[in-house]
Amino acid sequence: MAPELKAPDFRRIAEIRREQRTYFLSGETRDPRFRKAMLDRLRAAIKEHESAFLRALYLDLHKSEFEAYSNEIGIVYREIRYAMRHVRRWSRRRSVLPDIHLLPGRARIIREPYGSALIIAPWNYPMQLLFVPLVSAIAAGNTAVVKPSELAPHTAEVTQRTIESVFPGRYLAVVQGGAETSTALIDQGFDYLLFTGSTQVGRSVMERAAQQLTPVTLELGGKSPAIVHASADLALTARKLAWGKFNNAGQTCVAPDYVLADRRIAGELADRLRETVREFYGENPAESDGYGRIINLKHFERLRALLDTESVFHGGRHDAATLYIEPTILYPTSWKEPAMEEEIFGPILPIIPFESLEEALTTIRDRPSPLALYLFTRERAVRKTVMNGVRFGGGGINCTILQITSNRLPFGGIGQSGVGKQHGKAGFDTFSHTKSVLTQPSRIDLPLAYPHKHLGMRILRAIFR
Ligand code: NAD
């Protein structure tokens with residue numbers, strides 16, 4: 001049984017905030033050597049609890065060991081290693097050339113932690129999406145409070161045990177709970193807030209954070225399209241799409257939500273997708289070790305309703321008792337389909353045929369900018385047209401999802417799919433304030449702007465032109 005959701009403990013939340021503020025002001029977290037040591041300590045603690053995480057991810061989402069390691073635990077280790085290797089360089093202050101009117105002087109950019117960061121995580125990758133931003137917050141020298149999702153309670157418990165086993169609450173704290181607890185935390189006015197979740201909740205989180213003018217990064221969702229051009233290698237496309245879509249039973253923020261396929265190849269693509277699903281998960285995916293489950297009954301019911309359609313081309317079987325929904329392909333279908341109204345966030349893949357690439361691009365442009373976009377083609381000109389022609393967070397050409405596994409590629413949405421970036425250096429930058437400092441010598445004071453002795457207008461105009 002999943003542990004019960006507790007009401008927010010307002011006193012404890014306020015106390016943690018106070019303790020973290022005091023500890024941050026002690027200056028201990030600012031030293032890059034300290035940050036590196038804490039990252040190392042975090043890695044060791046996760047290693048220590050690795051089997052507990054594997055078990056929890058299975059209980060929460062039926063993730064196989066391979067999936068849990070490759071999509072969650074392994075990604076966190078990589079992020080820690082990368083941050084440990086670069087944290088000293090990232091934290092270095094940089095000198096820049098002072099402008100002519102600032103001479104003699106020295107201009108510097110200092111990267112410093114915001115203070116106490118608040119990280120609110122979702123349930124779909126409940127470990128990775130909490131620890132990756134936490135790594136960036138630590139690397140940048142902040143203290144942090146993390147709030148795991150109440151919908152993945154087993155992972156939340158292990159997260160709490162892991163962090164509390166090696167860190168005092170004044171440095172890193174875990175607060176469990178649901179929306180009410182999130183709100184109570186946001187109201188504490190943390191120095192930075194990183195929220196990952198739905199666009200709808202993201203909007204109210206931003207509104208709430210605005211009351212305290214807390215700077216935010218919002219990692220949100222939306223409907224991410226995959227465009228399949230007539231020139232695509234269809235066997236490869238089917239494998240990449242099926243893998244990206246049905247991994248974690250479709251509960252992935254950057255999964256291809258739907259496919260726009262050139263009418264000339266759409267039918268063949270649908271056939272190949274069906275074959276690929278059989279190849280990946282067998283005739284009965286319910287028996288496959290590598291296939292996940294829906295997080296809870298509410299989401300199961302939401303998804304089941306999307307299956308009441310005549311366009312089920314493959315799949316469609318489901319079982320409420322085990323929260324199972326078969327990998328499902330809807331084809332041919334259209335924007336009138338209920339599945340096209342909102343982000344699907346489940347193992348249902350609609351294929352909508354298009355007549356021309358321009359038509360496909362217009363369809364995407366007319367809707368909120370997606371978090372991800374995928375393109376399958378062998379033509380360079382098509383790549384250029386699509387990559388330059390639509391706004392989206394990030395994406396892939398002839399692949400799905402993999403763009404987010406690189407520490408070197410900033411990850412985040414645009415418009416309704418999010419605000420701000422993370423991963424690697426981008427994550428460090430997110431949790432760092434850029435403090436600009438100009439130093440002028442006290443011996444020399446050029447009277448360039450004082451009212452009684454300022455520059456002539458001619459010189460002023462020459463400098464500020
Ligand atoms: P959610 O928005 O329901 O919840 C996310 C977190 O916010 C949870 O910790 C939850 O307790 C908390 N929360 C819920 N209601 C709240 C409220 N009113 N005020 C403050 N906090 C609240 O999202 P979810 O269902 O956990 O995750 C699914 C969504 O997240 C999908 O839309 C998906 O696309 C998106 N997502 C985005 C990314 C990304 O990196 N961009 C990653 C994973 C998931």
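**Figure 1. Residues that meet between helices α3 and α4 in the predicted model.** On the α3 side, the residues in contact are E50, F53, L54 and L57. On the α4 side, they meet E65, A68, Y69, E72, I73 and Y77. Sorted by class, the contact has 7 nonpolar residues, 3 charged residues and no polar ones.

**Figure 2. The crossing of helices α3 and α4.** Two packed helices are described by the angle between their axes and by the distance between the axes. Helix α3 covers residues 50–61, and helix α4 covers residues 65–91. Their axes come within 10 Å and cross at roughly 130°. An angle over 145 degrees would count as roughly antiparallel, and 65 to 115 degrees as roughly perpendicular; α3 and α4 are therefore oblique to each other. The crossing in which α3 passes α4 is right-handed.

**Figure 3. An open sheet of 3 strands.** In what order do the strands of the open sheet stand? The order is β1-β2-β18, and the pairing is antiparallel. Strands β1 (94–96) and β18 (432–439) stand at the edges of the sheet. Each of these two has a single partner strand, so one side of each is left without a neighbour in the sheet. From one strand to the next, the twist averages 30°.

**Figure 4. Strand pairing on the two sides of β2.** Strands of a sheet pair through backbone hydrogen bonds, either parallel or antiparallel. Strand β2, residues 106–113, pairs with β1 in the antiparallel sense over 3 bridges. Among the residue pairs here, R94 has I109 of β2 as its bridge partner, and S95 has R108 of β2. The pairing of β2 with β18 is also antiparallel and runs over 8 bridges. One of the bridge pairs between these strands joins R111 to T434 in β18.

**Figure 5. Residue H299 and its contacts.** H299 lies in helix α11, which covers residues 297–306. Is H299 buried or exposed? Buried means under 20% relative accessible area. H299 has a relative accessibility of 17%, so H299 counts as buried. Leaving aside residues up to four places away in sequence, H299 touches W123 and I294.

Methods: Residues are numbered from 1 along each chain as its sequence is written. This is a predicted model: local features need pLDDT of at least 70, side-chain atom pairs count only at pLDDT 80 or more; totals for chains, interfaces and linings use all residues. Side-chain values use heavy atoms; hydrogens and water are left out. Two strands pair if DSSP finds at least two bridges between them. Helices (H or I, at least four residues) and strands (E, at least two) are DSSP runs, numbered from the N terminus. Axes are lines fitted to C-alpha atoms, for helices over the stretch in contact, and angles run from 0 to 180 degrees between N-to-C directions. Buried means under 20% relative accessible area, exposed over 50%, partly exposed in between (1.4 Å probe, protein chains only). Contact means heavy atoms within 4.5 Å. Angles under 35 degrees count as roughly parallel, over 145 as roughly antiparallel, 65 to 115 as roughly perpendicular and the rest as oblique. A crossing is left-handed if the near helix is turned anticlockwise from the far one by less than a right angle, and right-handed if clockwise. Ala, Val, Leu, Ile, Met, Phe, Trp, Tyr, Cys and Pro count as nonpolar, Asp, Glu, Lys and Arg as charged, and the others, Gly among them, as polar.
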